Every structure is written in C-alpha cells, then in structure tokens.
Amino acid sequence: MSIFKKFAAVAEARSELEGDGPSAIATPIDAVRSATRGVIGGREVLLAGTNNYMGLTFEPDLIKASQDALARSGSGTTGSRMANGSYDGHAALERELAAAYDWPSAIVFSTGYQANLGTLSGLAADGDFLLVDADSHASIYDGCRLSRAQTVVFRHNDPENLDRRLSRLGDEASRAIVVVEGLYSMLGDQPPLEAFVEVKKKHGAWLIVDEAHSFGVFGEHGLGLSEQAGVLDDVDFVVGTFSKSLAGIGGFCVSRHRELELLRLASRPYIFTASPSPAVIAGTRVALRKIIDGRSLRKQLHRNIDRLYAGARSLGFELGSDTPGPVAAIILPDRATALAHWKGLLASGVYANLMIPPATPAGLNLLRISMSAAHTDEDVDQILDGLGAMVSHQAPPDLVQSAR
Amino acid sequence: MSTTRDRVDRAIGQGLKNALPELDRPDRDAVLTSDIGLDSVQIMNLVMEIEDELDISIPIDVLAEIRTLNQLAERLTRMIDENKT
C-alpha cells in the first residue's frame, strides 16, 4: 500500500478548490509592492489577508538595519544558540523584549511556532498539567504533545469550564499551566482575560498568554491584550511571534520569572535549530521600538478595524467576533459560498484569506479579512465596496458555479 | 448498585444527546471517524459533554488511543477505577 494513500482526502479537498484563476489555498503572490499592495494573477491587488497588523514590512529604518546587519554579520548564523549562534543582536533583542515588559527574562526562538513548541515542551514535564483552550493554535497543541505533561482541553473562552478542571486537580493545580491566546486568529475573537486570571489565581496555577496576533495591536505600548486588560502582573509568561506585527520571522517567550533562563538548557526546539539570521534580528529590534512607541500607528489600525467591522455588519455579514479586532472573519454557510466570496473579493481587487475546516473552529467556512495600520480610509472603503458588490449580487452565479 | 461502566455508558448516551442529537443511537462499535463520519470538532464537543456528565477531565493522549464509543467507555471506566484506588 502506498504511504501516500492517507493524503487522498486532503488532495480531493484541494482539487475541489481549484478552478479558474489563482488558487485560494497557498495563493501565489507574484510580487509584493508595499505593506498593502501586491500582484496576484497578473493584477495589482489590495492586501487584506496578511498578518502585517502594524504595516512595518517596508519601513525604511527596519530595512536599513537589516541590510547593515546582513553586510556586517553575514547571511546566517549557521548554528544553534547553544553553540555558535548567539550573536550580540540576539542577546540585545532579548534584553529589549524583557525591558518592554519590565520583566527579568526573555528568550528568542527561530519561529513563532517554535516559541510555543519550545516554551510548552520545556516548561511542562511528566507530572505537570497543561490546560489549553479548545481553539488553540496548532503550535500550542504540538507543544503539548512534545511535552510529557498531561494535557486537558477546556471549552473555548470559558473560565468556568477551566475552573472546574482545575478544581478536579486539587492540590496538583499548582503544577498546572493554563494556556490562552490574546486573539484567536481564525474567528478574531478575544478571551475574557480578567476572568481567566481570577481562576488561575484561585487555584495557584500558572498562566501563559500567547500574544501572537495581539502583540502590537493592543495596549498602550502594544504589549498585547494582557497589557490592555491590565493583568500583566498576574501573567507568568507571554509568548509571541516576530512574523506578524514585528514584520520579520521568529518568536519569543518573556517572563516575570527569572528561571525562564533555565529553559535554554532544556527546550529542544530552542537547542536543536539554528538561531535567527542577523538581518532578521536587526530588523525586529527596530520594529520592536516602533511598536512600543507606535501609538499613532495603533490609532490608525483601530480606526480601520472599527470602520471595517461597522461596515461589514451594516452589509448584513455575520462576523466571528463581537468585539472588533484586527481580524474580521465573515462566517459563510458553506465552502462553495465562502470560495465564491473569496473570488468575488479578489475580482474587485482585494486579497483576503479563505479559511475552511479543519483549520477553522467549529467546522466554519470563513472569509478572513485582516487590517493593517498601513491601510488608508480609501483601502477600507475598497474592501467594503467589494463586500457590498457581493451582497447586491448575492454571490454571482458564475462564481458559485466555478466554486463547485 | 450500578458499576462504573454503567455510569460511563449512561454519560456517553447523555453526551450524544447533547452534542450530536442528529445521531440516532449510533453503533458503539463503529469507528467514530470513518464509519460514523464525525470530524475532530464533533468528537471534541462530544468528549466535553461526557466530561461534564462524569465530572472528569480526559487527557488528550487518552483520546488519541480510542476509535469507537465502546473503546472510549472501556478506557474511561479504567481511568475512573484507577483514580479511586
């Protein structure tokens, strides 16, 4: 029997999505011209399906710092942080991340995925417990698998359900690590963080907040939902990524506990991989400063978010989150309708994301639109015009046809 | 006196009613995915209902081992009885 037979179902699902024009999955982007413009299928389009929330990818200072580091320190470190891959830039970025939170320790990882993998598998061992939200990102689930801890899932955004599960652990709750995200990237919804913090404190458990999609976006200094909710003093660890608001690639964990440093000796996804390249680190350091001081960028981002949410709702679309955030997930009844909307929006010159099961929670079919501080009022108008055209046409029949 | 297995079987019945009312008494020896056609989200919802009924938390590695409702019942019965001793 072929070892490839197991892929038959996903291969079929993919072929159902193929048709005329650019593919909705792994869409080929021919060129990227700015934080908000790219070329797809030979046409310039507005990019509204990225995670470039702060719009920093073409920031001249960031590019200059990356270019200088590339020329000064070379193209790659060719080794692990444990061996030859710890340069001055890595240590400086860790100091700057720790200082941003006013905490004693931060660790840089090579990707955001590895930040969760390395933090969870490093912190939790046999005899410990990981309690994770049901809608957690794959990197959280994979981090749990790599750890030897007993992993239990609680209902999405349900502190009462978490409370019951921690109660069942009794005294052992002091060895439990609770994991929530600051923003869930599929539906764009946020957790009731204050309530989770109360439950965590009641049981003496530990709390990790993954701010991958909320870092840069929320809080006076852009430190994430934990800062905005005023609960940073009760959060034990914040995990984040460089590949969204920070406009690079990599990840981090920062903690109020100095002992986080010990993770460097125990975390396999930290040890057994090459460290981020000097150019990426240099660019991320510039982006971090711009985010901490980025009040005007956040103001524009939230203006865009509020306009998009209000506009989409007034067109009658159902959104995945009641609270506006950088991701607006339009819930559509089935895959064919979702694909027709994706194609319709692209035809109007706007690239968004088609999100379908199993990547989505609750088996939902979504058109995911993400906002950037680099979007202008006119850009948001263009997205809403594109959505409005689909409402008035009720998804053109030819598009629905080609989606089947 | 009802045994742990009786209690688990009843909890699975109630969990099915709450999470998957459209399933009419499914074969408990059928494979949840390929035979009954459940996806991972549906299975997760069912498990959460069963957890509430039994007031237990089921570790995800336990779920990775089971294919049918009867296998789940057997595994949960063992888990509950082991915790008692």
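Student: Which residue of β12(A) stands opposite A:Leu47?

Tutor: In this predicted model, the residue opposite A:Leu47 is A:Tyr351 of β12(A). A:Leu47 belongs to strand β3 of chain A, which covers residues 43-47. Strands β3(A) and β12(A) run parallel and are joined by two bridges. Both strands are part of an open, four-stranded sheet in chain A, whose order is β1-β2-β3-β12 and whose pairing is mixed. The edges of this sheet are formed by β1 (31-32) and β12 (350-351) of chain A; each has a single partner strand, so one side of each is left without a neighbour in the sheet.

Helix α11 (residues 295-314) and helix α13 (residues 377-393) of chain A pack with their axes 10 Å apart, at an angle of about 15 degrees. Because angles under 35 degrees count as roughly parallel, α11(A) and α13(A) are roughly parallel to each other. Their crossing is right-handed. On the α11(A) side, the contact involves A:Asn304, A:Arg307, A:Leu308, A:Gly311 and A:Ala312, which meet A:Val380, A:Ile383, A:Leu384 and A:Leu387 of α13(A). By class, the residues of this contact are six nonpolar, two polar and one charged.

Chain A also touches chain B: 13 residues of chain A are in contact with nine residues of chain B. On the chain A side, β6 (150-154) and α6 (159-169) each supply at least two residues, and the largest share, four residues, comes from β6(A). That side of chain A comprises seven nonpolar, three polar and three charged residues.

Notes:
Residues numbered from 1 in each chain as written. Chains lettered and ligands numbered in written order. Predicted model: local features only at pLDDT ≥ 70, side-chain atom pairs only at ≥ 80, totals over all residues. Pairing = 2+ DSSP bridges. Axes fitted to C-alpha atoms, helices over the stretch in contact; angles between N-to-C directions. Parallel < 35°, antiparallel > 145°, perpendicular 65-115°, else oblique. Left-handed = near helix turned anticlockwise from the far one by under 90°. Contact = placed C-beta atoms within 7 Å. Nonpolar A, V, L, I, M, F, W, Y, C, P; charged D, E, K, R; others polar.
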